[in-house]
Amino acid sequence: MDAAAPLLEVEDLEVEFRTRQGTARVLDGVALSLQPGRTLGIVGESGCGKSMTALSIMRLVPVPPGRIGAGAVRLKGEDLLQASEKRMREVRGKDISMIFQEPMTSLNPVYSIGDQIAETVRLHEGLSRRDSLDRAIEMLKAVHIPAAERRVREFPHQMSGGMRQRVMIAMALACRPSVLIADEPTTALDVTVQAQVFDLLKELQEKTGTAIILISHDMGAIAEMADRVMVMYAGRIVEEAATDEILESPKHPYTRGLIACVPHMEEEPPPERGALTEIPGVVPALTDLGSGCSFAPRCDHATDLCRSRAPGPFAVGADHRAACWLYDEAGAA
Amino acid sequence: MLLLAVVVFNFILLSLVPGDIADTLAGESGGASQEVMDDIRRTYGLDRPFHIQLATYVGKVVQGDLGTSYYFNMPVTELILGRVAPTLLLVVTALVLAILIGTLFGVIASRRPNGLFSHFVTVLALVGFAAPVFWTAFLLIVLFVAMLEIMPLSGLVDPTTPRGTLTWYLDVLHHLFLPVLSLSSIYLASYSRLARASMMDVLGSDYIRTARAKGLGETSVTYKHALRNAVIPVITIAGLQFSHIFSGAVVVETVFTWPGLGTLAFESILRGDTPTIMGILFFSAMIVIVVNLLTDLTYRLVDPRIRSARNA
């Protein structure tokens, strides 16, 4: 779509975890590319590898038991997987920042929020104590925290979940990173607060031009925020397209299932829609993925081919790919 | 109020102990007639009814008079004040060392939970828990005094050293080494174990991930973000154990004839010197209360959640 060189590009990423049950391949051939100022959504159920993708980009996967087996993570052309740990520390918080699912526990309880924001600034920009605190106040204002001058001295326990997530956002954006990874940023928050946080993220993105990777299991949130969507299942990308495209014509049976799971509020639902829908079955254990498509055991369309060979991604439209044998035009099925 | 309860309780407990100063004095002087013993009891007011004795004692304590030692025939307060410095020196040094070194061991061990050092800490903790302090003390004496001959056997200071000079202080430190080592060994073990567990817990928490995602190095993450949270349980236990370490001090002081409260307590119990024992118990109770207060204050320094809970 965009001709410009991508800001962040992930290629063929493989991550494995050694467990007692054997080696689990938690990411298998994950690839993504992110343009400046755009938002990429990653959706999927718990354990599908969304968060692991984020942690791999930051190189925060715990090693051992984890191991980044293969692939490349290129930020403005520089392969971060080859970078030194020292270089990575420069990148984290400055070029790529991250906010997490749990605002209640993601801030250190014994330091004031001002200190915690200022710490990032001091670390990456070498500002003095006073200047970095000024920046912290400025950032708190940017995320619409009232009475920022006073609240900068407060501690995390004095704030609500929504406020703490705002603080996390302020901290993440304090050094104006080019990429912000938001890992389920609203999952732990009330619905009304969720909307506020999304509005805030959008507003800040417009102001700063930060590219966002939004990780969520909530199709609604993705639809609201993302330009492009990647659907993950059992460590693989099963479908990828522009958001509108995927919502209007989802191709992979798993994506269709996910979209069908979103409850709708309508006065008179169309008769063909029954009660709430669900995808039967559970995500398979990553230690015993067979050679076939990992979604096959839960799929209505599964054939013998699905159970024996994993499908590669097939082009199913303009800039739209799905990893499902249903769309193999060569007709291997 | 609490102190008053302690005083009354101690008094009742000690009254239940068979034998009194008359028996001891009679024993030491090789026997005495009934009249002499009655006379002694009358002198010390032991012939009066129990509740009168109690009331008299409590009344005196309230006025700051802990009575007179039967054995030394001098005011208990004076006796204790003369002995309290060596004990505090011993106990506080041992505790501070145990906390500092224990926490450091725990922190280092927590960074590699399956590493060699971590296993060493586990073994150290087991040995420390299992070994009785007098046994450790004797082993240390065998090693440092008998075999290596680099440490003095007992006492606070070499009596020939002129008091107050630099040599005197250094000599005290020299004498302090073994008692502190024996006393802190048990606590070192438990603190390193505790700090290790606490650190591992904290290192797994979300805000540590946040700190790493900010780009902080491991040293900052460990010592700034993790340690300050991990020491909170250590402070709790240290406060609680302070009273514990006093009883350890009785044993260590006795082994090394350290002229502190512990030795005094031990000897006074043997001598049936009730006022001294009660005085020491009263003093220990007071110190424990003061230490608890200090623990609470330390909490407020370390943990802002406690600060605001009290202010609210």
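Tutor: Two residues are in contact if their C-beta atoms, placed from the backbone, lie within 7 Å. Take the contacts in chain B between residues at least 6 apart in sequence: 72% of them join residues at least 24 apart. The model is predicted, so local features need pLDDT of at least 70 and side-chain atom pairs count only at pLDDT 80 or more, while totals for chains, interfaces and linings use all residues. Residues are numbered from 1 along each chain as its sequence is written, and chains are lettered from A and ligands numbered from 1 in the order in which they are written.

Student: What makes up the secondary structure of chain B?

Tutor: Chain B has 13 helices and zero strands. Along the sequence, the pattern reads α-α-α-α-α-α-α-α-α-α-α-α-α. The C-alpha atoms of chain B fill a box of roughly 85 × 60 × 40 Å along the principal axes.

Student: What makes B:Val234 count as buried?

Tutor: Count its neighbours. A residue is buried with 20 or more other C-beta atoms within 10 Å of its own, exposed with 12 or fewer, and partly exposed in between, all C-beta atoms being placed from the backbone. B:Val234 has 21 C-beta neighbours inside 10 Å, so it counts as buried. B:Val234 sits in helix α10 of chain B. Beyond four places in sequence, its contacts are B:Ile99, B:Thr103, B:Tyr191, B:Leu194, B:Ala195 and B:Ser198. B:Ser198 is 36 residues away in sequence, yet 8.3 Å away in space, C-alpha to C-alpha.

Student: Why is B:Leu140 called partly exposed?

Tutor: B:Leu140 has 19 other C-beta atoms within 10 Å, so it falls in the partly exposed class. B:Leu140 lies in helix α7 (residues 133-147) of chain B. Not counting residues up to four places away, B:Leu140 touches B:Leu178, B:Leu181 and B:Ser182. Between B:Leu140 and B:Leu181, the separation is 41 residues in sequence and 8.4 Å in space, C-alpha to C-alpha. For chain B as a whole, 35% of the 312 residues count as buried.

Student: How do you know how α5(B) is set against α11(B)?

Tutor: Start with the angle. The axes of helix α5 (residues 76-111) and helix α11 (residues 261-271) of chain B come within 7 Å and cross at roughly 125°. That makes α5(B) oblique to α11(B). Here, under 35 degrees is roughly parallel, over 145 roughly antiparallel, 65 to 115 roughly perpendicular, and the rest oblique. Axes are lines fitted to C-alpha atoms, for helices over the stretch in contact, with angles from 0 to 180 degrees between N-to-C directions.

Student: Which residues meet there?

Tutor: From α5(B) come B:Ile80, B:Arg83, B:Val84 and B:Thr87, and from α11(B) come B:Leu261, B:Gly262 and B:Leu264. By class, this contact has four nonpolar, two polar and one charged residue. Nonpolar takes in Ala, Val, Leu, Ile, Met, Phe, Trp, Tyr, Cys and Pro; charged takes in Asp, Glu, Lys and Arg; the others, Gly among them, are polar.

Student: What makes up the contact between the domains of chain B?

Tutor: The domain assignment gives domain 1 (2-62) and domain 2 (80-311); such bounds come from an automatic or database assignment. Their C-alpha centres lie 36 Å apart. The contact takes 13 residues from domain 1 and 10 residues from domain 2 of chain B. On the domain 1 side, α1 (2-15) and α2 (21-28) of chain B each give two or more residues. α1(B) gives the most, seven residues. That side has eight nonpolar, three polar and two charged residues.

Student: What makes up the side of chain B that touches chain A?

Tutor: 20 residues of chain B are in contact with 23 residues of chain A. On the chain B side, α9 (206-213), α10 (218-255) and α13 (304-311) each give two or more residues. The largest share, seven residues, comes from α9(B). By class, the chain B side has six nonpolar, seven polar and seven charged residues.

Student: Which residues have the most contacts inside the largest nonpolar core?

Tutor: They are A:Ala170, A:Ile213 and A:Val231, in a core of 156 residues. α10(B) gives the most to this core, 14 residues. A nonpolar core is a set of buried Ala, Val, Leu, Ile, Met, Phe, Trp, Tyr and Cys residues joined through C-beta atoms within 7 Å. Leaving aside neighbours within four places in sequence, A:Ala170 is in contact with A:Ile117, A:Met139, A:Leu140, A:Ala142 and A:Val143.

Key
Helices (H or I, at least four residues) and strands (E, at least two) are DSSP runs, numbered from the N terminus.
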